Amino acid sequence: MPPSSPDGGRAAKRVDTRRSASQTSLSAPPTSLVARALGRLGGMLLVMWGATTAGFIALRAIPGDPVDVMLGVTASVGESVRQQIRVEWGLDEPPVVQYFTVLGRLVTGELDSYQLRQPVMTVIADQAMPTLQLTGLALVFALGLATVGILLARLPALRPMVSTFELALVSSPTFWIGLVLLAVFGYQLRWFPTAASAGLPALVLPALTLALPLTGIVSQVFRQGIGHAESQPFALTARARGISDVRLLSRHSLRHAAGETLTLSGYLVGSLLGGAVLVETVFARQGLGAVTVRAILGRDLPMVLALIALAAAVFAVINLLVDLLVARIDPRVRMAG
Amino acid sequence: MTLLQWRTRGESQRGRGRPGRGPRGWLPTPGVIAASLFLVVLMAAVLVPSLFSPLDPLRADASASLDAPSAEHWFGTDRAGRDVYARVVHGARASLGVGLGATALALVAGLIIGVVAGLAPKMIDAAVSRSIEVLMAFPEFLLALVVIAVVGPGETGLLVAVASAAMPAYARVARNQTLVVRNAGYVRAATVLGVPPWRSALRHIVPGTLGPLLVMAILGVGTAIVSAAGLSFLGLGPAPPSPEWGVILSEGRNTLSTAWWVAVFPGLAIMAAVVSIGTVGRHLKTGGAVA
Amino acid sequence: MPTTRAERSQSQLPQRAPRRRLGAAMALTAAAALLAGCAAAPAADDDTNTVTFGIEGANLGSGHMDIHSTQLDVSSLVLRNVFDSLVGQTADGQFVPWLAKSWEISDDQLQYTFTLRQDVTFHDGEPFNAEAVKANFDHIVDPETASAQAASLIGYAEEDGYYVGTEVLDEYTVRVDFSQPYAPFLQGLSLPQLGFYSPKALAEHKDDLKAGGPGVTVGTGPFVLSEYTPDQELRFTANDEYAWPAEGTEHQGRAASDELVIRVLPESASRVGALNSGEVDVIADVTPTMVQEVGDGFDVTAVELPGIPYSLYINEAHGVFADPLVRQAFRLGFDLDAAVEGVYDGQYARAWSVLAPTTPNSYEPAVEGTWSYDTDKANALLDQAGWTERDADGYRTKDGVRLGAVWTAWTPVPDDRAALADIIQSDLRDIGFQLARQVVEPAQYNELYATRAFDLTDWGFSSPDADVLRSHLRTGGFQTVSTVSKPEIDELLDQAVATSDPAERERLYQEVQRWNNEQVLIVPLVVPSEITVASTSVKGLTFDLYGRASFYGATVER
Amino acid sequence: MGSAGRTVTRVRGLSIRFGDAVVVDDVAFTVAAGECLAIVGESGSGKTLTGRALLGLAPPGAALEATELTVTGLDARRYTERDWRRVRGSRVGLIAQDALVALDPLRRVGAEVIEAFEVHAAPGRARMDAAMRRSRVIDLLRRVAVPEPELRARQYPLELSGGLRQRALIASALSGDPVLLVADEPTTALDVTVQRRVLELLAELKRSGIGLLLISHDLAAVAQLADRIAVMHHGRIVESRPTRELLSAPEHPYTRMLLDAVPRPDVRAEAGDGEVVLEARSVSKRYPAPGRGVRRAVDGVSLQLRRGQTLGIVGESGSGKSTLARVLLALERPDHGEVLLEGAPWSVLPERRRRTRRHALQLIDQDPFGSLDPRFTIAHVLHEALRLNDTGNGGRAGARDRVERAGALLAEVGLETGLLSRRPHELSGGQRQRVAIARALAREPRVLVCDEPVSALDVSVQAQVLELLERLRDERRLSMVFISHDLAVVSRLADHVLVMRDGRAVEQGTAREVLRHPEHPFTRELLDAAPRLPSP
């Protein structure tokens with residue numbers, strides 16, 4: 001907007017007083033897109049670096065020799081072999097040197113997993129696909145089911161039922177939902193294969209498992225968002241124009257609820273990797289979740305660090321996407337710069 | 001302003017006309033009553049489990065392995081022939097204990113970190129906020145796994161892990177709330193009166209921050225129970241054979257096709273507990289019992 | 001005797017009566033068929049005869065694809081298809097020619113001279129010859145290989161080893177030298193761990209062997225590794241050149257099927273599910289409880305594993321177990337028969353001795369029936385040992401100290417073992433003995449293990465040779481839990497390893513078993529079986545001494 | 001009045017109940033085309049609900065009864081939601097209080113403006129093309145005198161100033177060509193200068209033949225526009241008469257009270273010539289503006305306050321008044337310049353050294369609710385201040401008689417001691433502000449800074465609080481800085497006046513000089529725009 005307008009500044013200040021600190025002036029020229037993107041990228045790298053460093057420190061603090069891990073519990077090898085391995089992996093260096101070595105190799109993609117003896121990037125690339133399929137389908141399910149829930153809840157008679165169901169979903173442990181689905185649809189009804197690698201049909205139950213708690217949260221927040229939007233003064237003005245309920249939803253409240261829901265969904269998608277750990281365990285699937293558990297239990301420092309960096313990157317990228325989307329929807333955010 | 005008064009059941013806005021908030025909206029629904037009752041029973045089970053189940057949760061009976069639910073064993077038996085009902089009842093203590101303990105720990109740690117960050121000079125605040133952001137970049141579960149790897153499995157490890165995973169969220173809310181309260185009229189008034197900042201922090205800011213955190217924590221207990229059960233399920237919980245819901249559940253997962261009861265009942269217990277906590281928590285939140 | 005043992009062990013498990021009603025069963029079969037149809041659809045390459053095998057997979061993908069460095073059973077199971085051995089071992093324990101046409105052992109038992117077949121080539125076209133044997137053996141004992149099992153099978157050790165070296169005598173003759181007699185050598189040679197890589201692969205892919213893959217995992221076997229997705233799937237194609245199976249093998253020439261697919265299905269339930277639905281033809285590593293889940297129309301093969309049964313290892317240098325009376329009482333204090341029956345549904349046998357009955361030339365039947373659940377006797381022993389007081393929780397005490405021990409195990413603990421432990425714990429409580437359990441992660445376990453900082457631990461160790469006892473009982477042995485020096489048993493074990501006369505070896509090992517039975521250092525619990533289930537449409541499947549399925553002669557009749 | 005045309009709405013015996021509580025009780029009125037009826041009342045009088053009833057937008061839970069309720073001649077009592085929907089926007093339009101929240105912040109102004117038209121467009125021409133819509137939007141915006149309508153239509157409400165936003169809101173209400181407009185506090189959130197222009201716009205609409213139902217708490221603001229005024233009190237219309245009549249000869253005591261409470265511009269004689277107690281020497285305070293650059297909130301302001309004097313600071317929102325107050329209170333450190341308290345350095349000191357002298361300078365804040373910790377009882381609030389006195393005097397002896405002193409303070413501000421055990425949310429707005437005053441007095445201040453102390457209060461309460469402040473000032477010989485956007489309020493208390501605009505003091509001097517002979521055009525504009533009752 002033109003900063004020259006004498007009213008502009010005043011509008012800004014009024015915003016300040018009315019809606020706390022998050023909203024600020026409109027009169028400032030928007031920072032250039034490139035600069036903003038660079039800023040975001042820098043922040044993203046900072047978070048990734050912080051997370052990996054924290055991970056490094058944490059894993060160094062853990063008791064247990066990685067060499068033991070590499071060899072396995074019942075391996076019988078002499079000290080010289082162990083020393084050999086230590087030298088080979090640089091474990092005889094002082095921690096600071098190790099830190100920089102590991103970090104450097106992580107950046108260049110040369111870091112090898114202790115356990116899997118291949119570059120961590122290769123492992124992640126190999127295992128990302130099953131997890132992506134799982135989380136992707138879970139997202140589709142979650143959005144679909146949440147939409148159904150929201151639509152059902154528009155009928156006042158069904159609202160308490162939907163809300164109870166949502167609460168139950170949100171309250172149930174993911175893995176338990178998985179087990180129940182597995183028992184009912186896998187073992188009893190045999191609608192879906194229980195073996196992990198049987199293609200798409202085998203993906204249904206795990207994805208559903210991952211999706212259900214997500215559905216509960218998303219539909220809850222979405223409905224609350226709509227409720228909140230419709231209790232705002234603008235909804236009254238809109239109604240006073242003689243618009244229908246459907247139009248109120250589609251033209252007004254939907255957009256308001258979408259912002260919050262998106263932010264939350266972004267956070268949830270970021271945490272899907274965590275959920276994948278349990279789902280992949282329950283359904284004995286391959287994927288990053290399984291790799292994570294094994295890496296942590298096995299003290300596979302390089303693997304863990306790579307996963308942490310990946311999680312942080314995913315988190316940052318999703319946040320960025322969500323911010324962009326929210327800014328598209330909400331001019332207030334866009335103008336706050 | 002008149003508009004807001006019309007929102008009879010809606011959440012009241014902070015600091016804006018809410019003069020007549022009487023007991024209206026505070027009337028519990030049947031669901032809330034049922035949930036509260038269940039929680040009371042659950043607390044009783046935590047304190048005196050033998051009240052609800054005379055059987056010993058550790059008593060194995062090889063000849064009664066995987067018996068279906070019956071009059072003798074309400075929830076059936078597990079593979080070692082132990083009574084699942086007794087284990088679920090006795091497991092309440094560990095599960096709720098970890099849930100409550102972890103939430104309390106996360107709350108206190110988050111409160112301290114958040115308030116300090118909120119009151120500290122910009123540099124420190126920025127550093128703390130960044131660190132919190134870093135922790136939030138970890139998927140909660142990954143963070144808990146790493147913590148368990150450091151602290152070691154078992155009940156304490158579980159508690160610390162769940163608390164660490166939950167803490168960043170509390171710290172963030174505490175910090176933001178501190179910033180809000182710090183700029184509240186009554187804190188400014190205290191400064192103008194000449195109240196020293198530390199006293200202002202203790203008497204105004206911490207209590208002002210605590211309110212929203214407590215509401216968050218009530219709901220957080222449920223989440224903590226679920227997270228703890230998940231970690232136990234992966235075998236990172238209390239040492240066997242002590243009963244804990246996640247542990248019992250994971251004991252049952254490989255017998256799912258033959259003996260569904262071992263996994264189903266502890267899962268139902270978790271769900272019922274968390275639903276109850278959620279119901280009561282929401283009621284308190286909207287009823288505004290925490291001022 | 002070996003023959004009878006083999007017969008006894010390779011028994012067909014009785015099929016359980018179908019538990020579900022017929023209608024349901026039919027509906028399920030229909031559903032299964034439907035799914036099988038779906039699953040099979042993309043691979044409907046009519047002519048190709050493919051056998052699909054579902055395995056647990058353990059940590060195979062975690063750098064255990066190098067047959068020379070791994071110690072995992074799963075590596076042997078999978079890689080047997082790619083690697084041949086110098087000698088073979090028949091089901092009755094006899095050693096027969098394989099890649100070696102014949103062999104001679106010097107009188108002092110220090111030199112083994114092998115004459116090799118001359119028609120053998122590796123998958124990459126390299127010839128199999130004396131140089132290849134030497135290159136492989138050198139690789140095994142190279143410290144950089146960090147061999148966890150193969151090196152010890154060949155008799156190599158950094159100190160006090162038996163293996164000296166390998167000499168190439170001519171292109172097809174090779175000699176292995178030992179510093180002292182090492183009887184288990186042929187046994188070791190017959191295992192996949194001492195199989196042969198193409199020297200080219202050894203030289204060019206030295207660093208990739210652990211990760212494995214096509215072009216890296218290159219041997220002489222009947223199958224060629226053609227595709228490898230770690231932790232998911234291994235695809236093998238038949239080696240068309242193959243004409244050198246071990247002597248006495250029924251099938252000859254090229255493998256009977258065109259393709260072998262091994263799918264990694266870590267959960268027992270999902271393997272059974274996949275078998276029932278026809279997604280796979282054969283599954284391995286089936287747990288006793290899951291056997292009941294298998295529908296009709298499948299062959300169940302259970303082979304009791306030789307070696308050390310699943311046992312408890314007592315650290316007598318630590319805590320209350322220093323007192324032999326307490327160890328005796330401990331062993332009498334739990335109802336093992338009922339526990340094994342309850343947990344394994346009669347599918348696994350209760351163990352009596354520190355060696356499994358199927359271990360060749362060694363088992364001591366005399367120890368059977370020598371100890372069983374007896375709380376009176378256990379209580380009497382504990383009273384005698386001075387643990388006479390009882391505390392508020394009902395546990396025995398002496399001088400204010402509670403009678404108890406900590407059982408340290410590493411995670412994950414399989415369900416069956418956990419249930420077994422629950423029962424043992426529960427039973428011991430009745431005699432006032434507190435057995436606590438501590439499940440730690442492998443890394444932490446290793447820390448504790450290095451200093452033997454625990455009272456009790458558990459594992460089973462399958463091995464084709466009784467010599468496995470040497471590492472478990474000999475003073476300072478890697479798997480010897482006790483740190484107390486015991487010259488008498490060390491001597492027996494040293495003698496046995498140097499004795500090649502089967503009868504004499506058997507006598508010596510029987511003595512060892514009786515000794516352990518008296519000392520109660522290792523408490524054997526249960527003899528596990530390798531249970532494999534195959535669809536009846538699979539023909540020609542055979543099993544080795546460990547119950548591992550061999551797919552050389554196997555086909556699927558569609 | 002003479003200009004009245006046909007009746008657009010007629011209401012008889014309208015009652016609205018929530019359960020047992022009757023909030024609107026037997027209300028009757030009519031509005032004719034080209035006429036403006038103003039319903040005036042304080043918060044909670046039921047005026048908003050009454051307006052809402054004409055749109056069928058009573059909140060859930062409200063039970064509505066009427067012996068007659070016609071809108072454009074049709075009986076609306078049996079209207080279904082569907083019928084109402086046809087009426088809303090096309091016959092009756094609503095202009096809500098605050099355009100910032102009354103316009104959907106996520107939609108462009110154009111979309112909001114055209115919505116009612118779109119909804120009510122005859123089905124025959126259901127498909128309106130984009131050009132038609134655009135030209136309709138522009139027409140509407142032109143009609144409410146929005147400059148650059150093409151640009152504004154593409155912008156979001158947030159990008160518009162308060163005045164423009166309110167105009168856009170009016171345009172959106174006009175979009176369906178209604179014959180009746182319900183305007184609920186249409187100017188309350190606006191600065192006086194803007195307020196005046198919006199009122200002029202409404203007057204124009206009235207002239208064009210639209211019936212106007214104006215709802216307001218501010219008698220003065222509506223006086224110029226309304227043809228008739230209905231005064232509402234506790235759900236009843238206590239008096240309803242033509243404007244001039246009502247203002248000149250109010251019959252009902254409540255109406256009289258309301259009229260008396262309207263602050264009238266007044267000029268106080270110069271008072272206080274003692275020593276300078278508070279002084280600002282060209283203080284500036286800048287804030288980093290989002291993006292780049294800075295915003296000068298206070299720009300080189302100097303002032304002097306002598307003992308017994310009251311300095312009124314007037315300005316519109318965002319002019320820097322409150323920032324100046326914070327700088328004077330040393331809650332913010334000025335970037336330039338210095339504040340001196342009782343002749344000694346003040347703003348330059350570290351907070352630790354200031355603390356012992358804080359009692360001399362106390363604050364009465366705008367929001368009486370926010371300035372009281374909701375968790376504290378009133379006793380607690382006062383004790384917090386009293387205890388500081390005790391420790392300041394070196395002794396902790398005061399603890400015992402603190403209750404007594406707290407009671408005395410309450411009495412001084414006209415409250416009962418029974419309130420001591422209450423919490424802020426149990427008090428009315430006026431009571432809360434009195435408590436805040438009592439707390440400030442507890443510290444025995446010499447200077448009181450009052451930042452919009454009455455702007456959040458109902459007019460009747462406003463007058464009482466102003467009276468109280470006046471009394472206390474005189475009794476305690478306090479010096480006072482009195483900040484307000486309301487010139488009338490300021491003129492009542494202040495003997496010196498400082499006019500602020502965009503962070504600068506554009507004019508300052510004695511009240512007489514500034515109010516009688518304003519020099520700066522902005523001051524003149526402010527004086528002109530201030531709503532006042534037509535002199536009877």
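1. In chain D, strand 14 (residues 310–314) and strand 20 (residues 496–501) pair in the parallel sense over four bridges, where pairing requires at least two DSSP bridges between two strands, and strands are DSSP runs of E with at least two residues, helices being runs of H or I with at least four, numbered from the N terminus. Within strand 20 of chain D, D:Leu498 is the bridge partner of D:Ile313.

2. This is a predicted model, in which local features need pLDDT of at least 70 and side-chain atom pairs count only at pLDDT 80 or more, whereas totals for chains, interfaces and linings use all residues. Residues are numbered from 1 along each chain as its sequence is written, chains are lettered from A in the order in which they are written, and side-chain values use heavy atoms, without hydrogens and water.

3. The open sheet of chain D has six strands in the order 17-18-19-14-20-21, with mixed pairing; its edge strands, each pairing on one side only, are strand 17 (361–364) and strand 21 (504–510) of chain D.

4. Chain B meets chain D through 28 residues of chain B in contact with 32 residues of chain D, contact meaning heavy atoms within 4.5 Å. The count of salt bridges between the two chains is two, each a side-chain nitrogen of Lys or Arg within 4 Å of a carboxyl oxygen of Asp or Glu; D:Glu384 and B:Arg203 meet in a salt bridge at 3.9 Å, N to O. Helix 7 of chain B gives eight residues, the largest share of the side of chain B that touches chain D.
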